Structure formats: structure tokens, C-alpha cells
Amino acid sequence: ISRVLASFGAARGDNPGRLQYGELDGVHVFVDYAHNVEGLRGLLAVARARLAPPARLGVLLGQAGNRGDVEIRGLAAEVAAAAPARIVVKE
């Protein structure tokens, strides 16, 4: 078990949609299925820690169809508090 856990996350397919990182033309891209406020807060903290001025934060925000207005408003408030340079909302 310890051997498997020690290598978990080394391959892109180990945990799809969970804190995946890539870089494209100098743009750092993090992908995470941050489906609740705590997950989104963690994702934003990781992204902010990787940003160095003059880098800007952009967020593409979407949500699963079975979430209620309260959960969606919570995510929106968390993104707004992060004050990204750009927010794109996926409906």
C-alpha cells in the first residue's frame, strides 16, 4: 500500500480532474473538479502560490447540474473573493 501511495499522482490518469497541472505557451493551467467551496478555495490557493507578478489569475467556473443555488452562490462568492483578472462562467 505504501509503495502505491508513494507513486500515486505521478501519472496524469491517476486521478483525472483532480489538481491536474499543465503549461501551454507559458500559461499555467490547473484543472480541478472543485465541486464545493472548500475544494475551490484549495485550488485557488495552489494557483495563487504558483503565480508570480505580473501573472494574472483567470477562472473558468462551471458546476454539476445537480447543485442547488446555495452551493452555486457559494462557489461564485469564493471566486469573486479571489479577484481574478477574468472569470468565464460555463453554463
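Colleague: Which helices and strands each supply at least two residues of the lining of the largest pocket?
Modeller: Strand 2, helix 2, strand 3 and strand 4 do. Helices (H or I, at least four residues) and strands (E, at least two) are DSSP runs, numbered from the N terminus. This is a predicted model, where local features need pLDDT of at least 70 and side-chain atom pairs count only at pLDDT 80 or more, while totals for chains, interfaces and linings use all residues. Residues are numbered from 1 along each chain as its sequence is written, and side-chain values use heavy atoms, with hydrogens and water left out.

Colleague: What's the volume of that largest pocket?
Modeller: About 970 Å³. The volume is the space filled by probe spheres set on the grid points, which are joined across faces, edges and corners. On a 1 Å grid over the protein atoms alone, a pocket is an open set of points where a 1.4 Å probe fits, with protein on both sides within 12 Å along at least five of seven lines; lining residues have an atom within 4 Å of a point.

Colleague: Switching to helix 2, which residues are buried?
Modeller: Leu 40, Leu 43, Leu 44 and Ala 47. Buried is under 20% relative accessible area, exposed is over 50%, and partly exposed is in between (1.4 Å probe, protein chains only).

Colleague: What do the buried ones pack against?
Modeller: Strand 2 (27–31), strand 3 (58–61) and helix 3 (69–82), with contact meaning heavy atoms within 4.5 Å.

Colleague: OK, helix 3. Is Glu 78 buried or exposed there?
Modeller: Glu 78 counts as buried because its relative accessibility is 17%. Helix 3 also buries Leu 75, Val 79 and Ala 82.

Colleague: What does the Glu 78 side chain make a polar contact with?
Modeller: The side chain of Arg 41, at 3.1 Å. A polar contact is a pair of N or O atoms within 3.5 Å; within protein, one must be able to donate a hydrogen and the other to accept it, and residues adjacent in sequence count only if both atoms are side-chain atoms. Glu 78 also touches Val 37, Leu 40 and Leu 44, leaving aside residues up to four places away in sequence.
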